[in-house]
Amino acid sequence: MLYGLGLSTVVVNPFFSQPMLYKYDSALMIISIALTCTCFIKSSRKWMLLSVTLLFISIGMYQTSIAIYIALSLIEAVYSKSTKSSKEIIKNLYARAMVICAASISYVLCLKAVSLSSYAQEHSRLIFTGDASLIKNNINSFISLFNSVTTSFSLTSVLIILCVVALVSVVYRAVRSEKKDIAYFSIIALACPCAAALSIFGISILLLHPVFEPRVLTASFVFIFFLISVAGYILPVFIRYAAVLLLIVLSLSTASVVNYSYLMSIKYNEQVY
């Protein structure tokens, strides 16, 4: 059930409201996310090979899908702990990483084989100079965009608090676990700050001209669900369910408000212009 709720946060979040308003691209984005989620139906070797193709197609439709895949891989690792050994989970994470590498390499090679539009070329160029000021500007812009979904509190602050609580939970479980589980908890602990960073920035901070639009942050709420899942290690089961359900309700409410605001803005612009 929790895993199903985790998949629902892919769509039920305010940052996905913008893509839903696109006349033509929205269908491709939804199909892309659906294909990404399909990769997690099974974890067998044959299914992993199929996942390379599915993820490759997904990235081609909507690049943010690769971040969603990473987040879902981490969530899978958390909820597999009750049914699999740490060794099996680490092997599965390694296989998921290989899927990402294979799909990404295939995507890059495909891009080199085709001619890109001027828009795609401009927004895919990396910062090669190592200019810290450009990276700092990108970070500040993405933080502002991330926080723009709320007005009464900073969403970034909530993310940092979740990250700290998740790390405390991992340390608590690691101290109480057997030695054979230390490698597993070490990976989860390392993933927590990485998840917090990927929630906002991804690789976009390394781009010379990144796209500062809500649609690039669609994966953020999936990463947030991962942090909540890890934080739930030290909580009773019923509180974990309540926390996840609360996240879904709040996300759906916020998404509805944002979506309504977009629609009203579009109608107003049509009346004015």
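1. Helices here are DSSP runs of H or I with at least four residues, strands are runs of E with at least two, and both are numbered from the N terminus. Read from the N terminus on, the elements run α-α-α-α-α-α-α-α-α-α-α-α.

2. A word on what you are looking at: this is a predicted model, in which local features need pLDDT of at least 70 and side-chain atom pairs count only at pLDDT 80 or more, while totals for chains, interfaces and linings use all residues. Residues are numbered from 1 along each chain as its sequence is written, and side-chain values use heavy atoms, with hydrogens and water left out.

3. Now the chain as a whole. Of its 273 residues, 41% are buried; buried means under 20% relative accessible area, exposed means over 50%, and partly exposed lies in between (1.4 Å probe, protein chains only). The accessible surface comes to about 14,800 Å², and carbon and sulfur atoms hold 68% of that. These areas come from the Shrake-Rupley method with a 1.4 Å probe, and for residues only the protein chains shown count as cover. Among contacts (heavy atoms within 4.5 Å) between residues at least 6 apart in sequence, 80% join residues at least 24 apart.

4. Helix α11 (residues 220-231) is worth a visit. Its end C-alpha atoms are 17 Å apart, which agrees with the 16 Å that 12 residues should span at 1.5 Å a residue; the expected span is 1.5 Å times one less than the number of residues. Buried residues account for 12 of its 12, including Phe221, Phe223, Phe225 and Phe226.

5. Helix α4 (residues 45-61) has 17 residues and reaches 25 Å from its first C-alpha to its last, close to the expected 24 Å. Its buried residues include Trp47, Met48, Leu54 and Leu55. Among the elements that cover the buried residues of α4 are α3 (25-38), α5 (65-79) and α6 (86-113).

6. What about the cysteines? A search of the whole structure finds zero disulfides, a disulfide being a pair of cysteine sulfur atoms within 2.5 Å. Cys101 is partly exposed at 39% relative accessible area, and Cys110 is partly exposed too, at 35%.

7. Val164 counts as partly exposed because its relative accessible area is 46%. Together with Ile160 and Val168, Val164 forms a nonpolar patch with about 270 Å² of accessible area.

Conventions. Patches are made of residues with over 30% relative accessible area and no salt bridge: like charges are joined within 9 Å, nonpolar side chains (Val, Leu, Ile, Met, Phe, Trp, Tyr) within 5 Å. A salt bridge is a side-chain nitrogen of Lys or Arg within 4 Å of a carboxyl oxygen of Asp or Glu.
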